[in-house]
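Dear colleague,

Please find the structure below, together with an account of what was found in it. I would be grateful if you kept it open while reading.

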Amino acid sequence: MEKAIKKYFPLFALPTMIAFTIGFIVPFLYGIFLSFCKFTTVVDWKWVGIENYTKIFFVDGKLDTSFLHSIWYTALFTVVSVLVINVVSFIIAMALTKGIKGTNLFRTVFFLPNLIGGIVLSYVWLMIFNAVLQNFSKTIVSSQWSAFWGLVIVVCWQQIGYMMIIYIAGIQNIPGELIEAAKIDGANAWQLLKSVTLPMLMPTITICSFLTLTNGFKLFDQNLALTGGNPGKMSQLLALNIYDTMYGTTGWQGIGQAKAVIFFILVAIIAVAQNKLTTRKEVQG
Amino acid sequence: MKKKLVSVLLVSAMAASMLVGCGGDAGSSNNGTQAAGSGNEGGSAEAGSGSVYLLNFKPETDGAWQTLAQTYTEQTGVEVNVVTAADGQYKTTLQAELAKDEAPTIYNIGNAADCAEYADYIYDLKDSAIYEHLTDKSLAVEYEGKVAAVANCYECYGIIYNKSILEQYCTVDGAVISSVDEINNLDTLNAVATDINNRVDEINAALGTNLTEAFASAGLDSGSNWRFSGHLAGIALYYEFKDAGCDLVAGQGTVTGKYLDNFKKVWDMYVGTSAADPATLDSGAYSAQQEIGLGEAVFYQNGDWEYSAFAPGNENGYTVTTDDLSMMPIYFGVDDATEGLAVGTENHWAVNAKASQEDIDATLAFLEWVITSDEGRASITNEMGLTAPFDTFTGDYASNNGFAAMANEYAAQGKTSVAWSFNATPAVDDWRADFIAPLTEYTERGGSWDDVVTAFVDQWAYYWDQQNNQ
């Protein structure tokens with residue numbers, strides 16, 4: 001049986017590999033290639049070398065900070081949303097594994113926001129925010145910081161439920177005897193959490209922080225629908241900035257593509273680093 | 001045994017997903033042909049003629065185009081696909097579609113800047129029937145000696161006003177004017193709007209109206225701010241270009257913001273005589289059209305495309321109808337005595353030069369049919385509600401858009417129609433965004449007007465430079 005699997009492995013993997021090549025590898029390589037070209041449509045390109053990359057930061061010899069602004073704005077947004085989402089969803093998951101009444105109902109309710117698409121969700125929240133802020137003669141895009149916190153709230157509301165489900169699965173996987181043994185040894189609630197639950201949960205934390213981290217960096221729908229990058233372009237996260245360059249600026253498709261390549265490298269580095277960091281802390285159960 | 005079963009299941013699942021993938025692909029490539037109907041595919045191939053693919057710019061006309069395409073296919077056997085890009089997604093869709101093997105043969109060009117971007121895809125329409133029938137040749141976009149695109153409709157914008165309420169207002173005690181005709185300059189308009197807005201309750205009591213404001217809300221959200229960054233700014237650009245003596249629609253590389261003081265006057269009037277809280281104009285919570293439709297506002301800056309929203313048979317539930325409404329020029333305090341409505345278009349048909357010759361021929365034949373046949377003309381005038389700039393649209397096919405008629409009326413009175421100078425805007429979306437940002441600051445948070453002027457002037461030169469030096 002083992003042998004057979006080995007023998008037929010390429011055959012079994014073939015359909016997936018073909019799909020992966022067509023759907024990912026080819027467009028990806030083509031995308032990198034296009035970032036060195038000037039193009040209007042993707043079949044009609046002219047090689048320009050690294051000009052696109054320099055134009056991201058320097059236009060007509062002047063420093064253009066809009067991309068840098070969205071990099072740090074995105075980074076800050078990601079840090080805040082990763083922290084809030086993981087901490088809150090972990091707390092809720094702990095509460096909902098204690099066997100309190102109505103656990104299933106709560107789990108369902110907390111998970112529900114995740115079933116609504118980002119655009120719809122953001123439009124609903126936009127109405128809520130603006131209805132409330134109207135009383136203070138403000139809107140959600142009155143400043144880049146109100147836009148920032150608006151995004152944080154919407155994204156947390158959407159993702160906490162999802163991460164909660166993953167945490168619940170993780171918590172339920174911790175063997176009861178471990179906890180029982182710790183209790184017999186006289187561990188109090190805090191020690192139990194710090195020395196048993198959290199170490200046992202490290203694989204889950206890896207997954208959740210990875211998901212929230214990449215989601216934070218790649219956030220697009222909510223940004224587009226909730227703030228549209230306003231005021232000015234101050235609340236543009238990276239993905240929206242790239243989209244705006246690609247389609248909003250005439251003749252800048254190549255620069256948008258170059259930004260996208262930088263974006264990919266950035267997200268890849270951070271995700272790998274994060275994965276390494278949290279995986280190291282995992283213990284074998 | 002069990003393991004084998006699992007692997008069989010996995011393989012079949014994989015195969016199924018592949019098949020689904022392929023199926024989806026076929027489906028999406030068929031999407032475009034939905035109008036033509038697959039039954040005709042064979043027929044058209046036999047006839048040896050090319051096919052037509054129209055990437056439609058105006059979402060509201062999609063239904064009419066689909067029907068028209070079907071009619072044409074039934075009559076001639078030539079396959080016509082009509083695909084409509086979602087609102088605000090035209091550029092995205094066009095770039096994607098042009099890259100395909102079956103690229104659009106007809107697409108929309110907005111202005112000369114678009115031509116520069118799609119230079120490789122521009123077919124010279126000099127000898128085409130649509131150019132021949134075009135009444136005003138200035139409505140074609142010329143680029144590098146070619147007739148790059150031909151207008152398929154022209155539109156006008158100005159200040160839509162509620163004539164009925166305004167006429168009644170003239171009878172109210174202390175009214176600033178005694179006849180609507182007296183509003184023929186910015187100062188009078190401003191005085192009327194201010195008076196109505198200040199005495200809204202008094203006027204309601206006297207006339208039995210339910211006004212809340214004079215001007216409908218000047219929303220600064222993306223769904224409405226183009227009315228100001230595009231159309232209102234266009235008037236300032238128009239006067240500036242006129243002074244400079246350059247082409248009024250093609251514009252020039254530098255602007256000075258000479259008439260921005262006038263813009264400010266008009267803008268302050270819009271904001272100051274409206275019930276909307278100036279600090280929340282970008283919330284997107286306002287619907288200016290609804291305010292005018294429900295008789296809450298008297299004035300509303302917009303174009304003749306709004307006509308159908310108030311026309312009989314609309315489903316908006318508005319109490320105000322087209323009979324109550326009329327349109328006046330956006331008096332700008334520059335040359336009010338001779339200023340007419342702003343007439344122009346952003347809708348031009350361009351033909352894809354990279355399509356095969358057969359397809360181009362089929363496309364030109366289709367376009368000719370659209371503007372000369374009874375079906376085509378009826379559809380454009382009645383169903384799409386457009387005002388077509390072709391000499392074939394006479395008699396029954398003349399536009400029945402009341403606002404468009406006002407444009408002609410002003411012209412007949414000897415007033416000069418304002419050209420759509422904002423068509424010259426370089427990197428349109430970017431420039432408008434950069435202009436709206438300080439305008440929002442100014443309006444909502446007491447920002448400096450100088451920033452607005454700076455953005456207007458500097459960003460224009462900046463984007464113009466970028467666009468033309470690539």
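In this predicted model, the C-alpha centres of domain 1 and domain 2 of chain A are 29 Å apart. Domain 1 of chain A covers residues 2-53, and domain 2 of chain A covers residues 64-284. Where they meet, 11 residues of domain 1 of chain A are in contact with 7 residues of domain 2 of chain A. On the domain 1 side, helix H1 (2-34), strand E1 (37-39) and helix H2 (51-57) of chain A each contribute at least two residues. That side of domain 1 of chain A consists of 6 nonpolar, 4 polar and 1 charged residues.

The two chains also touch one another. Chain B brings 33 residues to this contact and chain A brings 29 residues. At least two residues of the chain B side come from each of helix H1 (2-31), helix H4 (90-98), helix H5 (112-117), helix H17 (428-445) and helix H18 (449-468) of chain B. By class, the chain B side holds 13 nonpolar, 10 polar and 10 charged residues.

Strand E3 (residues 106-109) of chain B pairs with E10(B) in the antiparallel sense, over 4 bridges. In this pairing, Tyr107(B) is placed opposite Ala350(B). Strand E5 (residues 146-151) of chain B also runs antiparallel to E10(B), and 2 bridges join them. Here His348(B) is the bridge partner of Ala151(B).

Finally, two residues deserve a note on their backbone angles. Most residues other than glycine have a negative phi. Ser137(A), which is not a glycine, has a positive phi near 55°. Ser137(A) is found in the loop between helix H5 (118-133) and helix H6 (144-172) of chain A. Because 13 other C-beta atoms lie within 10 Å, Ser137(A) is partly exposed. Glu144(B), likewise not a glycine, has a positive phi of about 50°. Its place is the loop between strand E4 (140-143) and E5 of chain B. Is Glu144(B) buried or exposed? Glu144(B) has 10 other C-beta atoms within 10 Å and is therefore exposed, since a count of 12 or fewer is the cut-off for that class.

With kind regards

Definitions and conventions
Residues are numbered from 1 along each chain as its sequence is written. Chains are lettered from A and ligands numbered from 1 in the order in which they are written. This is a predicted model: local features need pLDDT of at least 70, side-chain atom pairs count only at pLDDT 80 or more; totals for chains, interfaces and linings use all residues. Two residues are in contact if their C-beta atoms, placed from the backbone, lie within 7 Å. Ala, Val, Leu, Ile, Met, Phe, Trp, Tyr, Cys and Pro count as nonpolar, Asp, Glu, Lys and Arg as charged, and the others, Gly among them, as polar. Domain bounds come from an automatic or database domain assignment. Two strands pair if DSSP finds at least two bridges between them. A residue is buried if 20 or more other C-beta atoms lie within 10 Å of its own, exposed if 12 or fewer, and partly exposed in between; C-beta atoms are placed from the backbone.
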